Amino acid sequence: MAVLVTGGAGYIGSAFVEQLLAAGEEVVVLDDLSRGHRAAVHPKAAFYEGRTGDRALVGRIARDHRLDACAHFAAFAYVGESVTEPARYFDNNFTQAQILFETLLAAGVKRVVFSSTCATYGVPSRVPIPESHPQWPINPYGWSKLFVERLLESFDRAYGLRFVSLRYFNAAGATARCGEAHSPETHLIPLVLAVAAGRRPKVSVFGDDYDTPDGTAIRDYIHIEDLGEAHLLALAHLRRGGASRFLNLGNGTGYSVLEVIETARRVTGRDVPFEKVGRREGDPPRLVGDATLAREVLGWVPKRPSLEAIVRSAWDWMQAHPDGYGVRS
Ligand SMILES: NC(=O)c1ccc[n+]([C@@H]2O[C@H](COP(=O)([O-])OP(=O)(O)OC[C@H]3O[C@@H](n4cnc5c(N)ncnc54)[C@H](O)[C@@H]3O)[C@@H](O)[C@H]2O)c1
């Protein structure tokens, strides 16, 4: 029996593949390489280049590898791009996911772990955000993920598809092998470290007049290995017949943009020039997750919660892979 990892050539998926293999699982990666890197795919995983909505390909993979579950990471994840190109986001993130789940069900695969996001909450009315918080996204990316959550719920009721939908806060950090190499890069930690490495002149700080202690926006950073461990536990939960769940994955601690910059200075021993610019539309002041439910349901406890450890792992990876996977961000 094998686990299908869609998006296994991407940042979080490639690290999860390592963890699955270390746990003795057989792994099949499906990725169209639109945003990922062939070199990120672990050599011990079977690899298929193709789209999640390719019924013939997914059907063949399910038959050839006797799949028992799917971890569905594949998606487009740029908020700004989703605003200018919503059709691509609804097609790739929602329609392709629907076809994937239909094809898996037709092949008898009824367990899915889904990469959802805190972007499904929109602007929170309280933090830390619990799963019961109203979901009203403020961009097409968030809506495309929320629609998949609703689809999974309907497929559970009608067809017995069991799922764990994991709502990540800000994924960050690296393993020795897998790190963040998006092009363009929009995430704060790799941007700050690119400045420390001298590959970018300065970091833009969007907004310094929020109602937060230093005026800059606060986010909840979670190490990708901690995310991966939650996926392993979610898989175990589904295999023991556990019910479908929606669970937040975050540390419950927020760090401001200036705290991230200061931590990067300490970790790298380099200067990190920054420039304060205006707020970005739709950036909430604080996004911090309450992950109590993931602890209760899965027994998940993040082992690498310190921002310093997260930034250090990302810096170590960047030093060892100065060109990422061969593409400069
Ligand atoms: N990075 C974060 O902080 C974060 C936060 C919340 C949720 N997420 C979600 O986690 C998942 C992984 O994020 P990431 O940062 O690793 O992204 P990523 O872009 O690095 O990885 C996504 C991978 O999916 C592939 N892909 C995209 N559409 C595909 C399709 N239709 N068929 C096959 N392959 C396809 C891409 O080529 C890429 O390798 C995404 O679903 C994202 O929405 C990420």
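This is a predicted model: local features need pLDDT of at least 70, side-chain atom pairs count only at pLDDT 80 or more; totals for chains, interfaces and linings use all residues.
Local features are reported at pLDDT of at least 70 and side-chain atom pairs only at pLDDT 80 or more, whereas totals for chains, interfaces and linings use all residues. Residues are numbered from 1 along each chain as its sequence is written, and side-chain values use heavy atoms, without hydrogens and water.

Side chains of opposite charge can pair when their charged atoms come close. In total, 25 salt bridges (a side-chain nitrogen of Lys or Arg within 4 Å of a carboxyl oxygen of Asp or Glu) are present in the structure.

One of these joins E102 to R55, with an N to O distance of 3.0 Å. Because E102 belongs to helix α4 (residues 86–106) and R55 to helix α2 (residues 55–65), this pair ties together parts 47 residues apart in sequence. Helices (H or I, at least four residues) and strands (E, at least two) are DSSP runs, numbered from the N terminus.

A salt bridge also links D68 and R111, at 2.9 Å, N to O. D68 is in strand β4 (residues 67–72) and R111 in strand β5 (residues 111–117), so parts 43 residues apart in sequence are tied together. D68 is buried, at 10% relative accessible area, while R111 is partly exposed, at 25%; buried means under 20%, exposed over 50%, and partly exposed in between (1.4 Å probe, protein chains only).

E229 and K303 form a further salt bridge of 3.1 Å, N to O. Here E229 is buried, at 16%, and K303 is exposed, at 59%. Both residues belong to a network of salt bridges that also includes E225, D226 and R304.
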